[in-house]
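We will go stop by stop.

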Amino acid sequence: MAKITVIGSMVMDNVAKMDKFPQAGETVLGATLEFFPGGKGANQCVSVARLGGEVEMVGMLGKDGNGDVFRQIFKEEGIKADNVFSCDKPTAVAQIQINAEGQNRICVIPCANFEFGVEELNKVDELIKNTELVILQLELRLDITKEIIRRAHRYGVKVLLNPAPAVKLEKEILGMLDYITPNETELSILTGLPTETDEEVIAAAKELLSYGTKTIIATLGSRGALIATKDSVEIVSGYKVKAVDTVAAGDSFNGAFAVALTEGKTLKEAVQFANAMGALTVTKKGAIPSLHTRAQVEEFIGRIPNQKIKES
């Protein structure tokens, strides 16, 4: 069994660039159309693999060309994918529009991702029992994700939830999580509290801790990430880089954080490593194509001054 099991989404991103977004009833001519394999589950899984983590992917693909692309990626990356199932629905796709100002509009069509159900979950029950860490997102059916959390908690298996796309979750579910990695917007949705300032982020993180979540890692973009546990709260600063494309930055952060945890690093060390991976990711276009290797991340860390940690 792999140390890390990612159960989640695989999405083919169709990225169209245009000068301006069309208004209702309007047609505009675009500049380019590119196709990038992604989806939070696949991104996080490949991130783990490229960083040297022992990982297995679980999910659902369509019996189509996009599904073939993902299976080839898993093969090339050395990722176990015996439990990536197939169905008659198409592989999930995302329609992404980007205008001249870099703003984006995204519509994800879940398709095969939402076909992963109880039958498939039962088939991977032993896998969940015997893995060290399960990584989840919210791009599968919500009822299935909650059931995975309940089972992992019952089996004593640690769970890392990246709560995106964000929805309000029951305190019962939040209380079963070992790690949760919301950005500021997601943290606000989870708690109903504002997160405009560092002080507000800290207050919202403490609210989540009161629900029983063991560790909150709130990502703060270029400012770094906040670590909150029952014993301490601290912010680990990020790295300054020239951003080209922010797609998959959060996913690569989660993958790197998971790898560091399973290697026995402290929370601070794990977040520092994840911050570096996330920073490098935004320097390249696309989702999976932007994910860096262990050697690249370590070289980057070696030529950047040590990050500062602010305690609260």
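Two strands pair if DSSP finds at least two bridges between them. Helices (H or I, at least four residues) and strands (E, at least two) are DSSP runs, numbered from the N terminus. Residues are numbered from 1 along each chain as its sequence is written. This is a predicted model, in which local features need pLDDT of at least 70, side-chain atom pairs count only at pLDDT 80 or more, and totals for chains, interfaces and linings use all residues; side-chain values use heavy atoms, with hydrogens and water left out.

**Stop 1: the sheet**

Select residues 11-17 and 92-98. These are strand 2 and strand 6, which run parallel and are joined by seven bridges. Pick M12: opposite M12, in strand 6, stands V93.

Now widen the view. Four strands make an open sheet of mixed pairing, in the order 3-2-6-7. Strand 3 (32-38) and strand 7 (104-109) are at the edges with a single partner strand each, so one side of each has no neighbour in the sheet. On average, neighbouring strands here are turned by 20° against each other, direction ignored. The angle is taken between axes, which are lines fitted to C-alpha atoms (for helices over the stretch in contact), and angles run from 0 to 180 degrees between N-to-C directions.

**Stop 2: F21**

Go to the loop between strand 2 and strand 3, and select F21. Is F21 buried or exposed? F21 is buried, at a relative accessible area of 9%. Buried means under 20% relative accessible area, exposed over 50%, partly exposed in between (1.4 Å probe, protein chains only). Beyond four places in sequence, F21 touches E26, Q97, I98, N99, Q103, N104 and R105. Contact means heavy atoms within 4.5 Å.

**Stop 3: S47**

Select S47 in helix 1 (residues 40-50). S47 is buried, with a relative accessible area of 0%. Setting aside neighbours within four places in sequence, its contacts are D251, S252, G255, A256, M277 and L291.

**Stop 4: helix 7**

Select residues 184-191. The buried residues of this helix are E186, L187, L190 and T191. Look down the axis of helix 7: these residues fall within an arc of 120°, so they line one face. The arc is that of the directions from the helix axis to the C-beta atoms. They pack against helix 6 (171-174), strand 10 (179-180), helix 8 (198-210) and strand 11 (215-219).

Finish at the two ends. At the start of helix 7, a side-chain oxygen of N183 comes to within 3.1 Å of the backbone nitrogen of T185. After helix 7 comes G192, with a positive phi near 75°.

How values were computed. Polar contact = N/O pair within 3.5 Å; in protein donor to acceptor, adjacent residues only side chain to side chain.
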